[in-house]
Amino acid sequence: MKCNICSAKIEQTFLEKINGAYMKVKGKQKVICPVCQKQYSKEELLAKL
Ligand SMILES: [Zn+2]
């Protein structure tokens, strides 16, 4: 699984928990790494996805 913004690899643990965050954009599930999550606001992330 890769970050949908910077393409960094996102580690996935058991029970489909990820080291990052899920965001739903236009009905599609996107994943964001913790770095992007810290770097951008929710509005900025939505604009980039
Ligand atoms: Zn990222």
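**View 1. Confidence across the predicted model.** The mean pLDDT of this predicted protein is 92, and 100% of its residues reach a score of at least 70. Among the elements, helix α1, residues 34–39, has the highest mean pLDDT, at 95. Strand β1 has the lowest, with a mean of 91.

**View 2. The pairing of strands β1 and β2.** Strand β1 covers residues 21–25 and strand β2 covers residues 28–32. The two run antiparallel and are joined by 5 bridges. Ala-21 stands opposite Ile-32 of β2, and Met-23 stands opposite Lys-30 of β2.

**View 3. The turn between the strands.** β1 and β2 make up a hairpin, with 2 residues between the strands. Lys-26 lies in this turn, and its phi is positive, at about 50°.

**View 4. Lys-9 and its surroundings.** Lys-9 belongs to the segment that precedes β1. Is Lys-9 buried or exposed? Lys-9 counts as exposed because it has 10 C-beta neighbours inside 10 Å, and a residue with 12 or fewer falls in that class.

**View 5. Lys-9 and Ile-32.** Along the chain, Lys-9 and Ile-32 are 23 residues apart. A distance of 9.8 Å separates their C-alpha atoms. Ile-32 is also the residue of β2 that stands opposite Ala-21, whereas Lys-9 lies in the segment before β1.

Definitions and conventions. Residues numbered from 1 in each chain as written. Predicted model: local features only at pLDDT ≥ 70, side-chain atom pairs only at ≥ 80, totals over all residues. Pairing = 2+ DSSP bridges. Helix = DSSP H or I, 4+ residues; strand = E, 2+ residues; numbered from the N terminus. pLDDT = per-residue confidence, 0-100. Buried ≥ 20, exposed ≤ 12 C-beta atoms within 10 Å, placed from the backbone.
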